[in-house]
Amino acid sequence: MSEYLLDILPLAAKGYCCSQMLGLLALQAQGTENPGLVRALGGLCHGMGQCGQTCGVLTGGACVLSLYLGKGADDETPSDKADLAVSEFVDWFTERTSEYGGTSCADILGECPDGKPDMSRCAQLIGEAWAQILTILTGLGVDPSEARE
């Protein structure tokens, strides 16, 4: 069981999806709010609009890493570690979900009888992804509690 499940389940109860939960965990770690970012991450939910495509945990996790390391303004440059961080996360996620046969929601969840994700499987994966994001960031010397200026 992921050590972050107790952080994730209340977010699920409030109706946030996987990619939004990862964004909210990052914003909570930074002590900030950004409803626009959370809304934007909603576009990645459930394999992009219930389409069963690439899992929102993967795409949302890549967005969260870019929140810390990416370019956000004209006068800002992305960290030279940004691509490495996302690549490391993608490699981890691909390996982690290999038992399901791929990285799409359809691969991970199979047939969803009611068209909704299996939150027990998704919550575990979200918690593990958040732990991996924290590991990647701290390994690169980035403090997850600090927002990029």
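The buried residues in α2 are C18, S19, Q20, M21, L22, G23, L24, L25, A26, L27 and Q30. That makes eleven of the helix's 13 residues, so α2 is largely enclosed by the rest of the structure. Keep in mind that this is a predicted model.

What do these buried residues pack against? Their partners are α1 (5–13), α3 (35–41), α4 (45–48), α5 (56–69) and α8 (119–139).

## Length check on α2

Helix α2 covers residues 18–30, and its 13 residues should span 18 Å at 1.5 Å a residue. The C-alpha atoms at its ends sit 19 Å apart, which agrees. Just past the end of α2, G31 has a positive phi of about 70°.

## The whole chain

Zooming out, the protein chain has eight helices and zero strands, so its radius of gyration is worth a look: at 15 Å it is close to the 15 Å from the globule rule for 149 residues, which means the chain is as compact as a globular protein of that length. Along the principal axes, the C-alpha trace spans about 45 × 30 × 30 Å.

As for contacts with a separation of 6 or more, 66% of them in the protein chain link residues 24 or more positions apart.

## Surface and charge

Of the chain's 149 residues, 43% count as buried. The accessible surface comes to about 7800 Å², with 52% of that belonging to carbon and sulfur atoms.

Key: Residues are numbered from 1 along each chain as its sequence is written. This is a predicted model: local features need pLDDT of at least 70, side-chain atom pairs count only at pLDDT 80 or more; totals for chains, interfaces and linings use all residues. Side-chain values use heavy atoms; hydrogens and water are left out. Helices (H or I, at least four residues) and strands (E, at least two) are DSSP runs, numbered from the N terminus. The radius of gyration is taken over C-alpha atoms; the globule rule is 2.2 Å times the number of residues to the power 0.38. Buried means under 20% relative accessible area, exposed over 50%, partly exposed in between (1.4 Å probe, protein chains only). Contact means heavy atoms within 4.5 Å. Accessible areas come from the Shrake-Rupley method with a 1.4 Å probe; for residues, only the protein chains shown count as cover. The expected span of a helix is 1.5 Å times one less than its number of residues.
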